Amino acid sequence: PPRSTLFPYTTLFRSKHGARVFGPQTNPVGEAFNKEHALFRAVHAYLAGEPLEDDLLAILAAFDPVESLYWLGYTKMLQCDFDGALATLRELSRTLDAAKIPVVDLKIRCLLLQGEIYCLIGAPMTAMPFQYDALELATGLNSDYFMILAKINLACVQHALGLYNEAARSILPIPVSHFLCSGTGSTCYLRARLNILNAKLFLGMEAHDRSEERRVGKECRSR
């Protein structure tokens with residue numbers, strides 16, 4: 001939610017009255033709030049493209065050690081510790097595979113983040129299986145958000161490989177009018193990523209067309 005809607009809660013959180021509710025010896029309500037507040041801070045950092053602070057990672061690890069592995073991997077990625085990030089995400093993937101109750105949304109996020117890291121280190125072909133696995137899980141989850149996120153990430157990898165037409169086809173069926181028009185932080189983030197990707201695809205296709213024109217012209221002149 002927008003920061004303004006959190007004002008009464010964050011004010012209480014920092015006050016002496018809030019210390020009794022949300023302090024170390026907290027009650028179940030305060031504990032639930034602490035966890036949700038930590039997740040809100042993590043998502044806010046994600047939407048801003050910022051790493052998580054150490055104290056926030058520690059809070060998340062105390063509440064949910066499995067979820068915290070994702071955020072630790074994300075933070076290491078932003079700090080350019082790509083080997084550390086991939087090792088952390090592999091550990092998370094093993095933990096999720098061994099879990100009795102699958103956490104599908106976390107598995108999708110783990111796969112997408114691994115694919116993103118392989119793209120960053122210049123290995124988009126290695127990223128492709130992660131993107132397809134994430135898309136398959138998102139399809140089964142029947143979630144618009146994760147379906148769109150998986151399609152955008154897949155198109156980004158295809159763009160990195162120079163597969164501009166395939167990338168365009170990946171994002172073509174995204175229901176912009178019915179899903180991306182809301183004003184929540186997550187949908188604004190998706191809309192921004194989609195707009196950037198469309199611009200990159202347009203520029204990539206133009207550059208590809210110019211390159212083809214020069215190649216054909218050179219062949220005609222040589223004849």
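Guide: Begin with the core. In soluble globular proteins, nonpolar side chains tend to be buried together. In this predicted model, the largest nonpolar core has 40 residues, and Leu52, Tyr70, Trp71 and Leu92 touch the most other members.

Visitor: Which helices each supply at least two residues of this core?

Guide: They are α3 (28-48), α4 (54-63), α5, α6 (82-98), α7, α8 (124-141) and α9 (144-160). Helix α7 gives the most, with eight residues.

Visitor: What is Tyr70 in contact with, leaving aside its neighbours within four places in sequence?

Guide: Tyr70 contacts Tyr46, Leu89, Leu92, Leu106, Arg109, Cys110 and Leu113.

Visitor: How do I read the pairing of α5 with α7?

Guide: Take the axes, then the angle. Helix α5 (residues 65-78) and helix α7 (residues 104-120) have axes that come within 11 Å and cross at roughly 15°. Angles under 35 degrees count as roughly parallel, so α5 is roughly parallel to α7. Their crossing is left-handed.

Visitor: Which residues of α5 and α7 meet?

Guide: From α5 come Val66, Glu67, Tyr70, Trp71, Gly73, Tyr74 and Met77; from α7 come Leu106, Arg109, Cys110, Leu113, Glu116, Ile117 and Leu120. By class, this contact has ten nonpolar, one polar and three charged residues.

Visitor: And the chain as a whole: how many helices and strands are there?

Guide: The chain has twelve helices and zero strands. Of its 223 residues, 38% are buried. Among contacts with a separation of 6 or more, 52% join residues 24 or more positions apart.

Methods:
Residues numbered from 1 in each chain as written. Predicted model: local features only at pLDDT ≥ 70, side-chain atom pairs only at ≥ 80, totals over all residues. Heavy atoms only, no water. Axes fitted to C-alpha atoms, helices over the stretch in contact; angles between N-to-C directions. Helix = DSSP H or I, 4+ residues; strand = E, 2+ residues; numbered from the N terminus. Parallel < 35°, antiparallel > 145°, perpendicular 65-115°, else oblique. Left-handed = near helix turned anticlockwise from the far one by under 90°. Contact = heavy atoms within 4.5 Å. Nonpolar A, V, L, I, M, F, W, Y, C, P; charged D, E, K, R; others polar. Core = buried A, V, L, I, M, F, W, Y, C linked by side-chain atoms within 4.5 Å. Buried < 20%, exposed > 50% of the residue type's maximum accessible area, 1.4 Å probe, protein only.
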